[in-house]
Structures are given as C-alpha cells and as structure tokens.
Amino acid sequence: MCGIVGYIGKFNALEAVIEGLKKLEYRGYDSAGVAYKKENDIKICKEKGRVIDLEKCIMDIDSSLAIGHTRWATHGEPNQRNAHPHSSMTGRFVIVHNGIVENYQKLKFEYLNDYSFSSETDTEIIADLIEYFSNTLSVEESIRKTMSLIEGSYACLIIDKKHPNHIYCMKDKSPLLVGKGKDGISFSSDITGLIDYAEEYMPLEDKTFGIIDAEDVYLQDMIGLPIENRFQKMAIQKEEIDKQTFDHFMLKEIYEQPMMIRNLIHHYFSGEEVRISPKLIHHIRQSDKINFVACGSSMYASYFAKYYFEKLCGIPCEVFCASELVYSTPLISKRPFFIFFSQSGETADLLAVMKKVKKQKHPILTITNTIESSMVRLSDYHLNIYAGKEIAVASTKAYTAMLVTSTILARAVSKTKTNLKNNLKAVSLAMEKVLENKEVCRGIAQSIINQEDLFYIGRGIDYWTALEASLKLKEIAYIHTEAFSSGELKHGPIALITKNTPVIAIITQEGTNRITRSNLAETESRGAKTYVIASKSLSTPSDDVIIPNVAHYLSPLVSVLVVQLIAYYAAVFKQNDVDKPKNLAKSVTVE
Ligand code: F6R
C-alpha cells in the first residue's frame, strides 16, 4: 500500500527519494509524487502513474531535502490532484501520508470552515490542521496537537517552508522507519526503501513525533518528552531485492523455495532437535486452544498449522480471518494461545485484532517474514520464516515458509519424534523436480487463459491448497476462480459447470484419492475440461501433472508449486503486470 520515503543529507535527496520509491513500488500504487527543497523554497511534482514518469519532471535537479510518496487510492480517485504530497491552504506545510484519517469530515467541520481544499483526500486536512494550529502554537506543538485529534492511522513526513532544513514526522498505526547513514538521514515505510542510504535503521513506535535534520533524529512522545533512539544494523542485502536473471520477481521467488526449505532446516534444527525457545514451547503446551489469526494466503497457510498442531500436539485449534475477528466476539477458552501469521507483519486487520488480544492479556506469537515489523513489536514471541524479502505482490515463498515453520513448531511442541528434518529435505528435492517440469504447468496455463471461470477442487489438506491456487489465479491472471471441497460440488456449485469449464483436481492424499476422482468425473460428465495434479503413488497415466512422493502431510508444499506456476504463466500469457497486479498492494496497511 502507500509508500513514503524521505531523505535529508549530503547526497542528492531527489535521487535518494526516487530510488527509495522505486524500491517500494512492489507495495502497489497508482500515483506518485515528491516535494523537495530548492533555493529555500519547497517545490512539488506529482503524477498519476509510475515513478518513472515522475523522474522526468525532476531530472538534473539537486536538492538536500526531499520527501516522496506512492499512493494507493482510498479517498478520491487516483489522479494527479489527489496524488501526494499535499500542501496546506497557504502552501506553508507540505505533507506525505500513509494511512487513513477516519474522522476527517468531523475535523474539517470543527476546525477548517474557512479553508478551501484542492483534493478529495483525507491527507490534505492534516496539512491544514497543522497550519491552523500554527497560528497560535509552535510547529512542534501544532503537529502534536494534530496527532492528538486524528482517529485512524498515519505515518507522515512534513516539511515547513519556514524551516526548510528539517523534516518532521509523525506516526501511529501505519509503519515508518528511520535510517541513519554516514551522509544523511532517510525514511521509508519498510526496510527495502532504506537500502543504499542507511547503515542503521529504527522502526518508530506508535504516537511518535520527530524532528530530523541532516545530522540526527530527535524523537518525542505526544506530550513532548524525548524518546531514546534505538538504531539497529541494517539486516537486508541489496541482492534480495534484485530480479537477477528472472523475468519477474514472482518466478524468482517460486524458484527460491527449495533453497528456502534448506535454510529453514539450517535455522531451526540442531542435529535432529528443533531449536525454538523452550519458554515459547512451554507456553503453547499450557494452552487449551490455539487461535490462528491471518488474512489471505497467510490464512490459508494457517489451516495447515491447525492441522499439524491438532495431529501432532492434540491441542484444539481454530483459524480466524482477521478482518472478521476484529468485529466479532468469539467465545475464548480459559487458556488460549494466539498465533498470528503475516508475511509483512504490518497488515492493518491483524494489528487491530492483535491490539484487542493484547488488551485481554492473552499470549501472542507472530510468525512472520518481517522481524522489524509492528506485529513483532506488539507480540510476546515471534518466529522468523526466513523466506527473504518477498517482492511480488502474490505470495509464494512466504506461504510455503509459513507451512514449514508451523510444522517445525508443532513438532517442537509435540512430544512425539518424527523424521521431519529428512522429510523436509525430501520436499526440497521434490520441489526442484516440479520446477524442472515447469513446461507442463505452462501448457495448462495456456489452455485456460481464455476461460471466464475455473474451479480448483480437493479434499482435506488438498482443499486448502485449492484455496491458495484459486487466490493466485484470481490475483495475477484475473481469471474468476473458485476452490471447492470436491464433496461440496453436488451441493450447489456443480450447477456452474458448462462445456469446457476447466476443473483442476489436486490429489495428494490416499484416503481421498478415489472419491475426489469420482467427483471430478461427475464434472466431466457435465462437460468440464478436467485436469489432475497428483502425487506419483496415487497417479494414473492420464494425469496431467505428477509430483514426486513426499511424506503425505508435507505434500501440499510440493503441489502448491504447480498451482503457483500455472497462475504465473497464465498471467504472463495474458501480458499482465505479474509482480504488481491491478488494485492490489503488498502490504495492506488499511482496514
Ligand atoms: C496473496 C497475498 C495476500 C496476503 C494477505 C495477508 O498472494 O499475498 O492474500 O497473504 O494480504 O498479508 P500478510 O501475510 O502480509 O499479513
């Protein structure tokens, strides 16, 4: 979602900000803009479209201070007028904002009756409020006063034309990191935007206000008391955000999965023993129910976690969709344990639930790819899924890494010994075999691209893979796809089958092989064009994709690569923007 960057220091700030915005492009956006210092004045340039379009209007300009923004429209359509930066009415304050001011109509009514507005955004009123209060208060007090009035979320960088050698920042609920390098201070919504300009970084806590010059960062809380700077060494390499020889980040990330499994083994195993904090293991063992909370692909990954914990540890589990849970009050057991799954660690729906759970003092573990994230800071425990930066909007390696991390954790919590380490090594080899056979997936992709609707089916754990398969195809190939438990077809969805409707069955479990095939045959009798993805030991010669056998409970880690590749190639055939699909954002920082 929206990305903000800023730089103040000895390098050309415009260059630093444009590079930072390019690194944040993967988050998803529809317009972009910058504000920069030029001869003691502040200039603004913004465009609907890509960062590259913006670059043209600021070519060859040198500046020591700049802020920039990529906007994912929430209030007001994506156009040049609504793009950030926004200025206060007199032009004194210039601002970029990530988040939503939920009470902006009320604030407008209460304080800004004499103001005229030049955009439809909620952001503009932040600049106006600061200006309004600055008639009687100092800049610092005006910003803190504005913070105290906003309901919703914000990460903002602000320039005051009267003090053009500073950047001010304010943050609540939306992510904001400050980076420090030898030659200046930089800002970004996530750590990737700081690469090249920062040696150390510091994620800002909620309700933080800051004044930054080229030398240092001065942070305060809402009443102006100083907050100590806690910089940490940058923990990301530039290679992680480089496509290398792949056409798309998504393909690169699909290919990284076998290696990622080996990395996870390396991080979490010492010999045959799992290395996870005994305190965490003990805490989970004490619980009478595990509640998993997640969204999208991460939620589908948590279905597997439920399965592993119930099978291996005998602890009842429930999966909650965060955006639903936040507005409901389910019955909570006596000793609950909460596990949140999130690639980004910044998903607004999850943060909203987490804050409620924290208030009730229930223990929280976050399983994430982003250890510098807000969710990690709010949790009692966290586990890194070690997937490396995921740039493509559609999740692939983070999803499989969540499955692997949760099996490892379940194995550690359970007192039963399994041959998990060797079984995971076998998965990594099986994944490589699937990648060698990618042409088969490409062929299937080609045959479905002109279809309006497609159905994935499976039972039990294969059904959960079908859910993920269907999401991938919707997201990047824009094909309407549904996943059904194959047993449910006869209870309604089979009415949708017409001549040549593609139905793809996923079959990796012996117990459900026969019945899923017979459900598939029922769709074929009604005209469907059917495909089968099956584990070798369950396959028949007419199956379309045969995947190597692995331990049955790990086979979804292999079958999911097939459906990722089908979605990828379908998107490529349709000439879609694979890594940045329309309307989607990588980090969903608004509810
Ligand atoms: C799908 C996808 C999304 C995310 C969801 C949650 O490919 O990436 O469905 O899984 O938005 O995001 P995180 O895991 O960052 O909380």
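Predicted model: local features only at pLDDT ≥ 70, side-chain atom pairs only at ≥ 80, totals over all residues.
Residues are numbered from 1 along each chain as its sequence is written. Local features need pLDDT of at least 70 and side-chain atom pairs count only at pLDDT 80 or more, while totals for chains, interfaces and linings use all residues; side-chain values use heavy atoms, with hydrogens and water left out.

The largest nonpolar core has 111 residues. Here a nonpolar core is a set of buried Ala, Val, Leu, Ile, Met, Phe, Trp, Tyr and Cys residues joined through side-chain atoms within 4.5 Å, and buried means under 20% relative accessible area, with exposed over 50% and partly exposed in between (1.4 Å probe, protein chains only). Phe 309, Ile 339, Leu 409, Leu 424, Tyr 456 and Leu 554 have the most contacts inside this core. Helix H18 (residues 556-573) gives the core its largest share, 13 residues. Helices (H or I, at least four residues) and strands (E, at least two) are DSSP runs, numbered from the N terminus. A second, separate core of 26 residues includes Tyr 104, Phe 133, Met 147 and Phe 209.

Leaving aside neighbours within four places in sequence, Leu 554 is in contact (heavy atoms within 4.5 Å) with Tyr 308, Thr 407, Leu 420, Asn 423, Leu 424 and Val 427. Ala 410 lies in helix H13 (residues 397-413) and counts as buried because its relative accessible area is 0%. Ala 410 and Glu 310 are 100 residues apart in sequence, yet their C-alpha atoms are 8.8 Å apart in space.

Helix H4 (residues 124-134) is mostly covered, with 10 of its 11 residues buried. Among the buried ones are Ile 125, Ile 126, Leu 129, Ile 130 and Phe 133; Phe 133 also belongs to the second core. The buried residues of H4 pack against S5, strand S6 (93-98), helix H3 (104-111), helix H5 (139-149), strand S7 (154-160) and S8. Elsewhere, Thr 70 sits in strand S4 and is buried, because its relative accessible area is 0%. Beyond its neighbours within four places in sequence, Thr 70 is in contact with Cys 2, Gly 3, Leu 21, Tyr 29, Ser 31, Ala 32 and Val 51.

The ligand comes next. An N or O atom in the side chain of Ser 342 is 2.6 Å from an oxygen atom of the ligand. A backbone N or O atom of Gln 343 lies 2.7 Å from a ligand oxygen, and a polar side-chain atom of Glu 475 lies 2.8 Å from an oxygen atom of the ligand. Taken alone, the ligand exposes 410 Å², and the protein buries 89% of that (Shrake-Rupley method, 1.4 Å probe).

Leaving aside neighbours within four places in sequence, Leu 471 is in contact with Gly 296, Ser 297 and Tyr 300.

Finally, a few backbone features stand out. Most residues other than glycine have a negative phi, and most peptide bonds are trans. A cis peptide bond, with omega about 0°, joins His 84 and Pro 85, and Pro 85 is found in the loop between strand S4 (65-71) and strand S5 (86-87). Lys 173 is not a glycine, although its phi is positive at about 70°; this residue lies in the loop between strand S8 (167-172) and strand S9 (177-181). Asp 196, in the loop between strand S10 (184-188) and strand S11 (200-203), has a positive phi near 90°. Lys 173 counts as partly exposed because its relative accessibility is 36%, and Asp 196 is partly exposed with a relative accessible area of 40%.

Conventions. Polar contact = N/O pair within 3.5 Å; in protein donor to acceptor, adjacent residues only side chain to side chain.
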